[in-house]
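Please read the following note with the structure open beside it.

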Amino acid sequence: MESALIGFAIVLVLVLVRMPIVFAMGIVGTFGVAHIRGGSMFDERGLKAALSMVGRQITDTAQDYGLSVIPLFIMMGLFVNKGGMARELYAVSNAFLGHFRGGLAMATVMACGGFSAICGSSLATAATMSKVAMPEMRRFDYSDQLSTASIAAGGTLGILIPPSVILVIYGLLTETSIGKLFMAGIIPGLLGILFYLLAVRWSVFRNPAAGPAGPKTSWRSRITALRGVWAVLLLFFLVIGGLYGIFDVAPLNLTFSPTEAAGMGAMGAFAIALARGGLRISDIFDVLRETSFTTASLFAVLIGAQVFSNFVNLAGLPEALINLVSANNVSPFTVIVLILLVYVVLGCVFESLSMLLLTVPIFFPLITSLGFDPIWFGIVVVVVVEISLITPPVGLNVFILKGVVGDVTTATVFRGVTPFWAADILRLVLIVLLPSLVLFLPNHMGALGH
């Protein structure tokens, strides 16, 4: 256990001195295994065992069919972006909400929720919606603080509302049903949208000038805007409906696995973008190149995390934590609270995926030994990770937004996201105290999902 704790501390130090997380976890994991196997980090026998483990991990990850779902969902999100669907979602949200005080910010949150349902990436959602919504909010004299905060916070919905890449990774790490994880994320995702809308209302209540009301849209214009989102609804229905057996009726008799659903989603997004025109050959190559780059980055981090996880398991840290909790008769609820505090602290220095990959192998055995549902814990972890995306000093969504907008300071965005951060904390408390909010849909989906 001591060697694992030392290794964890070294990883933290290396990350704080700006070493990429993949190298920090990979190096510490490799030398940690060498130390355990050979009695010394530089023992020849231990190093051979460690390097063999690393090579096997790289090969297994590259050949894992289940991981093919990741590039397919990434490709779907990129084609969705190229197809201009984000603008249509924003237009219909604005048509119904824009005439309220703070309405454009609320429309941004709604559009982020809809876009994330077919994108699955928080960073892509924040980057895309900043290009779509920011100019409109500035045109109507919204404060930069409220405008950027609604985009940064709304973008966090991308890792919870299905399909979600980070839920896929959690499912693969813990061998938990991806279909049930997707279903479990729906109610907490909708709660997130509702609480963010309330956060916007609170912001304009405190400062009415931050979000002035816009002109009211006629019902004819609203209906026209609704017609523009048919492609979004069709794509969502194709992916989620196929995953949960909606098409499993004669004469179709089709049920998709997560990988098949992702493949159909990617193909559907490509077909919709192509049918709308304006999709150039260069755009297709851009999507393929970005998909390859993002997938390679994710796989590299995943391999590094698995190497570190092997070291942690070999050192006996999960078993030691279980024994420690049992010996001191610590209540399960206290354990959950302590784990959440660890996540909140780590969220100040780690980006979301790294935090997930670093901690789940340690905490998951402890959680399951205490009788907690792994699906519930997955959603709790993702909600905490969402919070980290807008938590200083890292707040990855905030920096993505600043990179796109350019002329706002990170301090402005962080001040603006405070009500949204508080809304996230409230949602986290609710799903911890009321697990049925997470488990209701998975428990009533019968044999559906994979």
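The points below treat the model, its domains and a nonpolar patch.

1. This is a predicted model, in which local features need pLDDT of at least 70 and side-chain atom pairs count only at pLDDT 80 or more, while totals for chains, interfaces and linings use all residues. Residues are numbered from 1 along each chain as its sequence is written, and side-chain values use heavy atoms, without hydrogens and water.

2. The protein chain is assigned domain 1 (1–63) and domain 2 (64–446); such bounds come from an automatic or database domain assignment. Taken over C-alpha atoms, the centres of the two domains are 31 Å apart.

3. Between domain 1 and domain 2, about 2,400 Å² is buried, and carbon and sulfur atoms give 82% of this area. Buried area is the accessible area (1.4 Å probe) that two parts lose on being put together, summed over both. On the side of domain 1 that touches domain 2, helix 1 (2–16), helix 2 (21–38) and helix 3 (44–62) each give two or more residues. Helices are DSSP runs (H or I, at least four residues), numbered from the N terminus.

4. Phe 333, Val 337, Leu 338, Leu 341, Val 429, Leu 433 and Leu 434 form a nonpolar patch on the surface. Their accessible area together is about 630 Å², by the Shrake-Rupley method with a 1.4 Å probe, counting only the protein chains shown as cover for residues. Patch residues have over 30% relative accessible area and no salt bridge, with nonpolar side chains (Val, Leu, Ile, Met, Phe, Trp, Tyr) joined within 5 Å; a salt bridge is a side-chain nitrogen of Lys or Arg within 4 Å of a carboxyl oxygen of Asp or Glu. Helix 17 (332–346) gives the largest share of the patch, 4 residues.

Technical notes
Patches are made of residues with over 30% relative accessible area and no salt bridge: like charges are joined within 9 Å, nonpolar side chains (Val, Leu, Ile, Met, Phe, Trp, Tyr) within 5 Å.
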